[in-house]
Amino acid sequence: RDIVCALFNSNHELLIAESNHNASVKTEHAEMRFLNRLRETRLVKGKYYLITSLQSCRMCAAALCEWLDYQSHGRPGKIKIDIMYLEKEPNLAFVQTALEGIESHEV
């Protein structure tokens, strides 16, 4: 399946987007590729929108939570990240995640 993970700022400008490439490497989900590109990036105070085309699996949800924690480490002010899924995962075995749909995180 084609899945996209994208980060927008409060002006709705696309900051970064990644798609899945897990045909040969099963862990290369869109969210994991997205997080690898952001590894050294720290967000500034403000509001952001993280949008995925499909609800994240357990691995990706855990990685996104770690990234949210990293963003808050030693940061003055607030970073607000709204996480939205365009589609729920139809296979219920994969949707028991820490991120259960449209959520808002202030870090």
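Is Trp67 buried or exposed? In this predicted model, Trp67 has a relative accessible area of 7% and is buried, because buried means under 20% relative accessible area. Phe34 also counts as buried, at 0% relative accessibility.

The rings of these residues were then examined. A pair of aromatic rings is described by the distance of the centres and the angle of the planes. The count comes to 1 aromatic pair. The ring centres of Phe34 and Trp67 lie 5.8 Å apart and the planes meet at 80°, so the pair is edge-to-face; planes over 60 degrees apart count as such. Phe34 belongs to helix H1 (residues 30-37) and Trp67 to helix H2 (residues 58-72), so that the pair links distant parts of the chain, 33 residues apart.

In soluble globular proteins, nonpolar side chains tend to be buried together. Here, the largest nonpolar core has 20 residues. Phe34 and Trp67 are among those with the most contacts inside this core, as are Leu7, Leu43, Leu50 and Ile81. At least two residues of the core come from each of S1, H1, strand S3 (46-52), H2 and strand S4 (79-85). Leu7 touches residues including Phe34, Leu43, Leu50 and Trp67, with residues up to four places away in sequence not counted.

Strand S1 (residues 4-9) runs antiparallel to strand S2 (residues 14-19), and 5 bridges join the two. Cys5 has Glu18 in S2 as its bridge partner. S1 and S2 form a hairpin with 4 residues between them. In the turn, His12 has a positive phi of about 65°.

Key: Residues numbered from 1 in each chain as written. Predicted model: local features only at pLDDT ≥ 70, side-chain atom pairs only at ≥ 80, totals over all residues. Heavy atoms only, no water. Phe/Tyr/Trp six-rings, centres within 6.5 Å; stacked < 30°, edge-to-face > 60°. Buried < 20%, exposed > 50% of the residue type's maximum accessible area, 1.4 Å probe, protein only. Pairing = 2+ DSSP bridges. Core = buried A, V, L, I, M, F, W, Y, C linked by side-chain atoms within 4.5 Å. Contact = heavy atoms within 4.5 Å.
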